[in-house]
Structures are given as C-alpha cells and as structure tokens.
Amino acid sequence: MTNKSDLTLGRRVMAMIEELARYSDEPGRLTRLYLSDAHRAAAEATLGLMRQAGLDSHIDALGSVIGRIEGSNPDAPALLIGSHIDTVIDAGRYDGTLGVVLGIVVAEALRSQGIVPSCPIEIAAFGDEENARFPTNLSTSYALSGHYNPTWLDSVDQAGIRLRDALARFGGDPAGIPALVRDPKRYRSYLEVHIEQGPQLEAKGLPVGIVSAINGVTRARATVIGEAGHAGTVPMAMRRDALAAAAEMVVAVEHTGSIRTDTVATVGVAQVQPGAINVIPARVDFTLDARSPDDAVRHAMVNDILAECENIARKRGVSLTIEPFMDSPATPMNRNLMARLEEAVTGAGIPPLHLASGAGHDAVAMAALCPVAMLFVRCKGGISHNPAESITVEDADVAAHVLIEAVKKLTSC
Ligand code: HGY
Ligand code: MN
Ligand code: MN
C-alpha cells in the first residue's frame, strides 16, 4: 500500500470472520453445510451484520442472505457483491466468508464516509457454493441468474434427506424460487473477493491479484458393483472385489488428470460396502471432480477417464455406472471490470497480477446475469479446504481498501 493504513478495516474483517467461524455443524472443526442448523445460525448472524451496516436485509427463499442499499439513482442498475457462507467438511474459515464480510465492510465504509453510491448496491451471502451436502451446482446463486434446476429440490444428502425437506426445516420455500430471479436490466456487475486457494500470490509476494478466468468443472458419481465373499475362503482369481476395482479406477483418474499441466482430476469421496474386515467388498460409491480452463480439454479428459474405468470394470468382471451431475463451463472474467479492479490495485501501489482460478465460485453462476470479476487475496501456503487456511490482517486490509476503491469507481461515488 502506498499510504500506510492503520489496519482498522483489516481488523474489522478479521473480527467478523471470527464471529461467523463460530457456527459449525460439528464440535472442534468448521463444517457448515447448506441448510444445516449451523448454516441457519450463520445466516442469522450475517443478517445482523448487514443490518448493523445499514443494509436493508433478508434471508431469501433458498437461504441466501441479501442486503441492499439504495443509490442516489434508485433506477440505476445495481452493483452486486457476494460470495458464500457454506463450507466444506473440516473447512478453513476464509473460503467464501471473506467475500461476504468484505461486502459488508464496503457498505460500512461508504456510510462512515457519508458517501451515497450512484446506484443500488446488493451484498449476497450465498448458501450452496460448495455443493458439499447435495449433488447441486451453485444452486443459490444460479437461482438469482434464473438457472435453478428444479430437480435439485429432490436430490438427497448422504443421510437420505431431500433438499426440499431440509429447505422447509431451514425456513425456506421452494415456491419463492421464481421471485429470486434478477432482471439483467437491473444489475450492472457482480464482484467477488475470495482467497486464492493457491500459491501464486504468496510466491510473487503480492497481497491481491485479479482473476482472469474460472476453470470449468465436471462432477460425477460412480458406483462399482462386485460380489461380497468370505475374505478367507474365496481364491484371489475367483473374486469380483469392488474395492480393488475402484482403487485401480482411482489411480486411472489420477494418471489421466496428470497427463496435461492444465487439467486436474480428483476422487474426493469413496464409500465401501458392506465394510467389514473379513468380507470382500461388494460395492464402492465414489465421486469424480475433473477441471480445466479449456472446456474441450476437460470433456476429452473426462471421456478418457470413463473409457479407462470401463476397461477396468470389464477386466475385473464388476459392473460400473458413472452419472455426471455437474458440467460447469470455464468462465472468463469481464475485461472492463478487471480494468477497474486493476486501477484500484495499482492505485494501492500493488503490481497487478492476473491469475486463473482453479476453484469454482458463485461468480460462474452470476456470469449468467451480468458481467463479473473477482479479486483474489493471498492465503498462507495456498492452503484451503483445510482448517490451516489463513490470511493476514494486513492483506485483509489491502483487500478492503482495494474493493472500496473499485466500488467507488463502479458506482461513480
Ligand atoms: O470446489 C470448488 O472449486 C469450490 O471450492 N466450491
Ligand atoms: Mn469458495
Ligand atoms: Mn471452497
């Protein structure tokens, strides 16, 4: 930063992050899944923070928390700032929450500086970005851009609970989904600030960077069916061991994802049945997450993975079903918005670095509504989706100042 800050904004950001980190579904670690009791409590707390900041706020029909301040011209298209407050299992406390808190800090700063933006500003705390509970895809932000898939309502979590039943218990309402759709004529831009979740900013010694594009993602669920048997009596050559087959498939996923430098492929969940020490596994359910900045490359990689897994299934005499449930396109950021972010970054005395996002974000869903851009914040070791995830108060402060400047440019304050 050119002018030494007193870190007031950074400290405010970290304090709000700490407050929201208290809401977890599990003791001793941070897990806040969509529509859980912890999500509800965090949504209520976020609602309180938004209202304290002077935002006219509510929790919408799908559980997102939305705050709004009117501008000097209430008919001007609004600026949306957002991210998510749901987390993965055993999560870090900055992934998503940082972007929501920074939106609230912008509202507080404009009010304390007596600045009325030329247009309305909306802050969104989305609730289903991680898709860690239900097989959905950015459901609460796609609802705003008019792409909510109604079949998501009947998807079930690992306990067999339907999304629509969890939503009713949360206090949401499927009948309210159509009213969530935003009119593209009423929204000018969407900005999201997020931890980088990668090592580049730290390696370059930069506190923030400008996102150029978000990688595309394919997700699928696979089921391998073999035959249960006695671990002590069935000869090795006569087995149809579902776990041995799935294990070979997992290595094939890793190998195929490693062939190119611009692809990644991961098996993050695997469940073995019946799961007894002396029973040859009969069934394995596992997930596939495959990504690339180039959609054609990603689709080709997924086809190669499917073909390799089919070969393994045939060779081992097990059955395999693979059901893709997400195909999220690679999403370029809007060049004009990137330029405004770059002006704010260079204005803070920071060299502007453009970098792609390997992680998905609500900005992908919001790109269907309006132009989008993202600012990344350095995180220690690039670690994320891990309780060791961390940022510094200094970098939180830089991000707040840069975002406030960018918002002033975009709303001609
Ligand atoms: O998986 C992702 O890329 C994001 O963290 N939901
Ligand atoms: Mn995130
Ligand atoms: Mn995440």
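Which residue places a backbone N or O atom 2.7 Å from an oxygen atom of ligand 1? That residue is Gly360, and the pair falls within the limit for a polar contact, taken here as two N or O atoms within 3.5 Å. The model is predicted, with local features requiring pLDDT of at least 70 and side-chain atom pairs counting only at pLDDT 80 or more, whereas totals for chains, interfaces and linings use all residues. Residues are numbered from 1 along each chain as its sequence is written, ligands are numbered from 1 in the order in which they are written, and side-chain values rest on heavy atoms, with hydrogens and water left out.

Around the ligand stand Glu129, Glu130, Arg219, Arg291, Ala359, Gly360 and His385, where a residue belongs to the surroundings if one of its heavy atoms lies within 4 Å. This shell divides into 1 nonpolar, 2 polar and 4 charged residues, with Asp, Glu, Lys and Arg counted as charged and Gly among the polar ones.

Elsewhere, the second largest pocket has a volume of about 180 Å³; a pocket is an open set of points on a 1 Å grid where a 1.4 Å probe fits, with protein on both sides within 12 Å along at least five of seven lines, and its lining residues have an atom within 4 Å of a point. Of its 13 lining residues, Pro135, Asn137, Asn149, Trp152 and Phe325 are the closest to the centre. The pocket lies between domain 1 (8-214 + 330-410) and domain 2 (217-328), because both give residues to the lining; the domain bounds come from an automatic or database assignment. Strand S13 (residues 319-328) contributes the most, with 3 residues, strands being DSSP runs of E with at least two residues.

Two backbone details remain. The peptide bond from Gln273 to Pro274 is cis, with omega near 0°, and Pro274 sits in the loop between strand S10 (270-273) and strand S11 (279-280). Asp90, a residue other than glycine, has a positive phi near 55°.

How values were computed. Grid points are joined across faces, edges and corners, and a volume is the space filled by probe spheres set on the points. Helices (H or I, at least four residues) and strands (E, at least two) are DSSP runs, numbered from the N terminus. A polar contact is a pair of N or O atoms within 3.5 Å; within protein, one must be able to donate a hydrogen and the other to accept it, and residues adjacent in sequence count only if both atoms are side-chain atoms.
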